[in-house]
Amino acid sequence: MAYETPGQVTRAFERIQAGITAVPGVASGALVSAAPLEGGGSNGLVPEGRPIDISSSINSLMRLVTPDYFATMRIELVRGRGFGPDDRQGAPLVMVINETLAREAFPGQDPIGKRIACCEPGPDGSPNWKEVVGVARDVRATGLEEEPVPEFYLPMVQAPGAAWSWTDRTMTVVARAQGDAIPLMAPLRRAVAEVDPALPLYNLGTMQGRLMDSLAQSRFSTMLLTLFGALALAAVGVYGVISYGVAQRTQEIGIRMALGACHADVLAMVVRHGAGLAGIGLVIGLAGALALSRLVSSLLFRVSPTDPPTFAAGMVVLTAVAVLAAAIPARRAARTDPMVALRND
Amino acid sequence: MALAIDPLIRLEGVSKIFHTEEVETHALSGVDLEIRAGEFVAIGGPSGCGKTTLLSILGLLDSPSEGSYVLAGEPVATLSAAQRARVRSRAIGFIFQAFNLIGDLDVFQNVELPLRYRGMAAAERRALVHEALGRVGLLHRIRHYPSQLSGGQQQRVAVARAVVGKPLVLLADEPTGNLDSRNGAQVMELLGELHDDGATIAIVTHDARYLSRAGRHVFLFDGRVVPHSPLDREVA
Ligand SMILES: Nc1ncnc2c1ncn2[C@@H]1O[C@H](COP(=O)(O)OP(=O)(O)O)[C@@H](O)[C@H]1O
Ligand SMILES: [Mg+2]
């Protein structure tokens, strides 16, 4: 099937919308250009009353949706209404904005009935006004760690022609299951294939699963940060202690060299000292980690805190870092002039 | 026997110049010195005349700015620091004025150090350490730490550490300088015994009381060897 005009694209998506809601077990279904946590394309919006100018525009994320999107995702409309069958092509252009955008665009005012210019020029290059018909609760658009950003929804059927290239003509099917969601995946796939067998439906999953992934990702980065922080601390600590020790022991190192120690002996002695420090740190750290593993396991995703490979890898890395941190003062120590043994009388 | 006739140590035209900021210090100038195996040489002279510098060159802690140094038939004046370290660990035993025992190590470990740096096996090290400590009469202090010993005992441990590896030459820089006369005499007595047993010794001292033990006296003045001393006498 060829999709040459925006109209053909919209009609195909409307048939998919109809197909998925007809799947037994689906309580409600909708299409959205980017599901929550998936991000979205940003647009500059200019609220009514401000100069039509890039400097007065508010950068907002756009979501094209079919009317049942809010109900399907249980996104509450705190003011006004969502979209309905009357919001068709040719009808007055409408939009739903989120609370953050409402606050930014119309501080202290009722946004319902206000107009916002966006997305494409109107006839004769005049602003393309859309009327705000509803305010939706904020949804975390890009990730759980990100604060809500200004966001607006347009009815898919009123999508600006250019929007299809912004979204790569890709929509996300969202469906709310009456019961278990997993068994619905195959029928949903079939429903899309019936519209056009060539249309790929991919990356199927439950919203719960996506939440977990997002969570795991943020926790993973927290964990990495903590890990690198700990490593940096360990390196600085070992470096500091060893440097201090080397400075304190210049005389001793000189004596050892006078007694026959060569460069390699001095290097080895200092690095061994660093490894010893790391060893003490590891024993304490290991004991602490085991004691806290209950606590730590809530922070880890699919990795047990007492996982032997995880522990082993941590120990190897920490030891390597300590040895490297000790290597710098060790080289300094190896350059000690053995004359200090004779001269310090 | 060529080996017996050749001096163990031969310095020829040795100079040492220290450069500090814009000042050049000629610590040694044109020093010629031979020490035969089994000799006991005392090096004297006023403070700052270059005694410690001479000893540091003899002990391969430093290299001369000019001149040649042949140790046991090997030219060693131009060795790199790493090569000097290697020769030092085999050929030289040091005794310092400040004892210079390592405080974290007990008596056994201190005496054992030079042998460790030679990579000697533990059993062999043990035997030699016991022998050396027996020699200085401190076997009963083998597990003591330096801080638990008197100054005289510490210096005897240092003597044991210097001789444990049976070096070609013992070098001592004012070894009695930090000791009272009784302990000083005891350490000098010990060096005399080692000499009687065949050790080659060069000692820096300006204490006339201990000079009698030495077979030969070398006097330095302003970085040069000078041929005068009331106590000077040749070994027969
Ligand atoms: N590292 C050095 N840098 C500059 N000058 C030095 C250095 N070591 C020794 N000297 C100088 O060389 C001279 C001889 O010093 P030294 O051998 O210690 O004399 P002594 O042991 O006879 O008192 C002195 O003038 C001393 O200041
Ligand atoms: Mg001196």
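Student: Which element gives the most to the shell around ligand 1?
Tutor: This is a predicted model. In it, β1 (9-20), β2 (23-35) and α2 (51-58) of chain B each supply at least two residues of that shell. One of them gives the most, with 3 residues: α2(B).

Student: How many residues surround ligand 1, and which are the closest?
Tutor: A residue belongs here if one of its heavy atoms lies within 4 Å of the ligand. The count is 13 residues. The closest are A:Arg343, B:Gly48, B:Lys51, B:Thr52 and B:Thr53.

Student: Why is the site of ligand 1 shared between chains?
Tutor: Look at the closest residues, which include A:Arg343 and B:Gly48. The site is shared because the residues around ligand 1 come from chains A and B.

Student: What is the make-up of the shell by class?
Tutor: Gly counts as polar in this scheme. The shell then splits into 2 charged, 4 nonpolar and 7 polar residues.

Student: How far is an oxygen atom of ligand 1 from a side-chain N or O atom of B:Thr53?
Tutor: A polar contact needs a pair of N or O atoms within 3.5 Å. Backbone atoms also take part: an N or O atom of B:Gly48 lies 2.7 Å from a ligand oxygen, and one of B:Cys49 lies 3.3 Å from a ligand oxygen. For the side chain of B:Thr53, the distance is 2.5 Å.

Student: What share of ligand 1 does the protein bury?
Tutor: Start with the ligand taken alone, which exposes 560 Å². The protein buries 68% of that.

Student: Now the helices of chain B. Are α6(B) and α7(B) roughly parallel or roughly antiparallel?
Tutor: Helix α6 (residues 151-163) and helix α7 (residues 181-196) of chain B have axes that come within 9 Å and cross at roughly 20 degrees. Angles under 35 degrees count as roughly parallel. So α6(B) and α7(B) are roughly parallel.

Student: How far apart are the axes of α4(B) and α6(B)?
Tutor: Helix α4 (residues 107-117) of chain B packs on α6(B) at about 30 degrees. That makes the pair roughly parallel. The crossing is right-handed. Their axes are 7 Å apart.

Student: Are α4(B) and α5(B) oblique or roughly parallel to each other?
Tutor: Helix α5 (residues 122-135) of chain B packs with α4(B) at about 120 degrees, the axes 9 Å apart. α4(B) passes α5(B) in a right-handed crossing. The two helices are therefore oblique.

Terms used: Residues numbered from 1 in each chain as written. Chains lettered and ligands numbered in written order. Predicted model: local features only at pLDDT ≥ 70, side-chain atom pairs only at ≥ 80, totals over all residues. Heavy atoms only, no water. Polar contact = N/O pair within 3.5 Å; in protein donor to acceptor, adjacent residues only side chain to side chain. Areas by Shrake-Rupley, 256 points an atom, 1.4 Å probe, with all protein chains shown as cover. Helix = DSSP H or I, 4+ residues; strand = E, 2+ residues; numbered from the N terminus. Axes fitted to C-alpha atoms, helices over the stretch in contact; angles between N-to-C directions. Parallel < 35°, antiparallel > 145°, perpendicular 65-115°, else oblique. Left-handed = near helix turned anticlockwise from the far one by under 90°.
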